[in-house]
Structure formats: structure tokens, C-alpha cells
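Please look over the sequence and the model shown here before reading on. The notes that follow take up the surface first, and then turn to other topics.

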Amino acid sequence: MRAYDHSEKAKHEQAKQRSLEAIDLRLARHEKLTRITLILVVILAGLSLALLATQLINYSN
């Protein structure tokens, strides 16, 4: 009975480990996507600010 309990516990731990690894992979993917999105938003904001500044400078002349 004891060997059976140990075997079941080992299987449960392996399943838990696989689940944690899958969660880590998903988290890494989401972090990468979030980082790329943030960089694109910052670039877009910079371009918008540059366009606004150019329009204001041209308007004032």
C-alpha cells in the first residue's frame, strides 16, 4: 500500500510540475507581448507628439 501511495504522490507532483511549467511559458509569452505593445504605444505617442509640435510650429509661422 505504501509503494502505491508514493507512486500516486509522484505522479501528482509530476502533473503539478508540468502545470507550473505551462503556466510559466504562458506568462513569459504574455510578458513579451506586453513589452512589445508598450514599446509600440510609446513610439506612437512620440510620433504623435512630434506631429503635434510640427503642426503647432507651422501654425505659428
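In this predicted model, the protein chain exposes about 6,000 Å², and carbon and sulfur atoms supply 66% of that area. Of the 61 residues of the protein chain, 0% count as buried, where buried means a relative accessible area under 20%.

**Overall form**

- The protein chain has one helix and zero strands. Its radius of gyration is 26 Å, well over the 10 Å that the globule rule gives for 61 residues, so the chain is more spread out than a compact globule.
- When the C-alpha trace of the protein chain is followed along its principal axes, it spans about 90 × 10 × 5 Å.

**The annotated span**

- An unreviewed UniProt entry lists residues 36-57 under the name "transmembrane region", and this annotation may be inferred rather than shown by experiment.

- Ile36, Ile39, Leu40, Ile43 and Leu47 together make a nonpolar surface patch of about 490 Å².
- Ile39, one of the residues in this patch, is found in helix H1, which covers residues 2-60.
- Is Ile39 buried, partly exposed or exposed? Ile39 has a relative accessible area of 47% and is therefore partly exposed, because that class lies between the 20% limit for buried residues and the 50% limit for exposed ones.

- How far apart are Ala15 and Ile39 in sequence and in space? The two are separated by 24 residues in sequence, while the distance between them, taken from C-alpha to C-alpha, is 36 Å.

Methods. Residues numbered from 1 in each chain as written. Predicted model: local features only at pLDDT ≥ 70, side-chain atom pairs only at ≥ 80, totals over all residues. Heavy atoms only, no water. Patch = residues over 30% accessible without salt bridge, like charges linked within 9 Å, V, L, I, M, F, W, Y side chains within 5 Å. Areas by Shrake-Rupley, 256 points an atom, 1.4 Å probe, with all protein chains shown as cover. Salt bridge = Lys/Arg side-chain N within 4 Å of Asp/Glu carboxyl O. Helix = DSSP H or I, 4+ residues; strand = E, 2+ residues; numbered from the N terminus. Buried < 20%, exposed > 50% of the residue type's maximum accessible area, 1.4 Å probe, protein only. Rg over C-alpha atoms; globule rule 2.2 N^0.38 Å.
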